[in-house]
Amino acid sequence: MRLVRILLVVLAVVAVGLAGWALGARDAYDAPATADPAPAASAPAEPAVTTPAPPPREQATPDPTTTPDPTTGPAPAPPRPRIVGFGSEPVLPKEGTFWRLSPGAGLVTFVLDAQHATRVEFWLTPTGSSVSDLSRKIGQDTNGRDGWLFNWHYPDDPILGHLTVRATGPGGTAEQTVGLYHPDTEQP
């Protein structure tokens with residue numbers, strides 16, 4: 001993931017450099033031709049003719065049926081975060097649609113690939129109806145430079161719930177939910 005980000009930054013820098021070079025290296029076609037540095041001394045000087053300035057024009061009211069110029073419009077909204085991938089280390093086995101934690105207390109690292117995010121939160125909600133008020137935040141990551149990671153030391157208690165990851169950024173939020181299961185006894 002870090003290599004992909006580095007490559008994208010390098011491509012962006014090269015693109016900006018090429019655009020600057022292309023815009024700065026052009027000749028100004030509409031520039032006036034350069035005058036002869038030494039005008040002929042034998043030509044008599046002509047009197048300068050001044051013309052009156054045209055009267056100021058009144059500002060026209062904008063026509064509501066025309067489309068506005070996109071170059072003068074408001075800045076585009078920031079992009080909304082997007083969750084590209086979500087996994088764990090070690091890889092948790094699946095039982096149906098639930099990830100199963102190893103029996104006993106343990107450690108699992110949740111790994112998230114989210115674009116345009118500034119913060120990622122990890123929420124655990126028990127299964128059932130009308131339980132959203134029982135959700136609890138089990139962790140967060142505010143530094144995505146090394147990827148969005150969270151190390152969770154889970155207890156030796158039975159768990160049957162939903163793990164929700166919420167990526168938040170300037171353009172809004174994105175969520176992804178997986179089932180999470182922790183048996184109360186070791187299974188053969």
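In the predicted model, strands E8 and E9 are joined by a hairpin through two residues, strands here being DSSP runs (E) of at least two residues and helices DSSP runs (H or I) of at least four, both numbered from the N terminus. The two strands run antiparallel and are connected by eleven bridges, two strands being taken as paired if DSSP finds at least two bridges between them. Within this pairing, alanine 167 stands opposite alanine 174 in E9. Threonine 168 also lies in strand E8, which spans residues 159-169, and is in contact with Pro81, Ala117, Thr118, Arg119 and Thr173 when neighbours within four places in sequence are left aside, contact meaning heavy atoms within 4.5 Å. With a relative accessibility of 15%, threonine 168 counts as buried, a class defined by a relative accessible area under 20%, against over 50% for exposed and the range in between for partly exposed (1.4 Å probe, protein chains only).

Strand E2 pairs with E3 (residues 98-100) in the antiparallel sense over two bridges, and lysine 94 stands opposite tryptophan 99 in E3. Strands E3 and E9, by contrast, run parallel and are joined by three bridges; here phenylalanine 98 has glycine 179 in E9 as its bridge partner. Over its whole length, the protein chain contains one helix and nine strands, arranged along the sequence in the pattern α-β-β-β-β-β-β-β-β-β.

Residue numbers run from 1 along each chain as its sequence is written.

A search of the whole structure for aromatic pairs returned seven, the criterion being ring centres of Phe, Tyr and Trp (its six-membered ring) within 6.5 Å, with planes under 30 degrees apart counted as stacked, over 60 as edge-to-face and the rest as tilted. Phenylalanine 110 and phenylalanine 122 form a stacked pair, at 6.3 Å centre to centre and with 25 degrees between the planes. This pair links distant parts of the chain, twelve residues apart, with phenylalanine 110 in strand E4 (residues 106-115) and phenylalanine 122 in strand E5 (residues 119-126). Phenylalanine 110 is buried at 0% relative accessibility, and phenylalanine 122 is likewise buried at 0%. The pair of tryptophan 152 and tyrosine 154 is tilted, because the ring centres lie 5.8 Å apart and the planes stand at 50 degrees. Tryptophan 152 is buried, with a relative accessible area of 6%, and tyrosine 154 also counts as buried at 6%. Ring pairs link Phe86, Trp99, Phe110, Phe122, Phe150, Trp152 and Tyr154 into a cluster.

Beyond four places in sequence, the contacts of phenylalanine 110 include Phe86, Trp99, Phe122, Phe150, Trp152 and Leu163. Valine 108, also found in strand E4, is buried at 1% relative accessibility. Among the residues that valine 108 touches, not counting those up to four places away, are Leu92, Leu101, Phe150, Trp152 and Tyr154. The C-alpha atoms of valine 108 and histidine 153 are separated by 6.7 Å, although these residues are 45 residues apart along the chain.

For the protein chain, contacts between residues 24 or more positions apart make up 66% of those with a separation of 6 or more, and 23% of the 188 residues count as buried. The mean pLDDT, the predictor's confidence in each residue on a scale from 0 to 100, is 79, and 60% of the residues score at least 70. Residues 25-31 have a pLDDT below 50, and this stretch has zero contacts in the model beyond near neighbours in sequence.

Note on methods: This is a predicted model: local features need pLDDT of at least 70, side-chain atom pairs count only at pLDDT 80 or more; totals for chains, interfaces and linings use all residues. Side-chain values use heavy atoms; hydrogens and water are left out.
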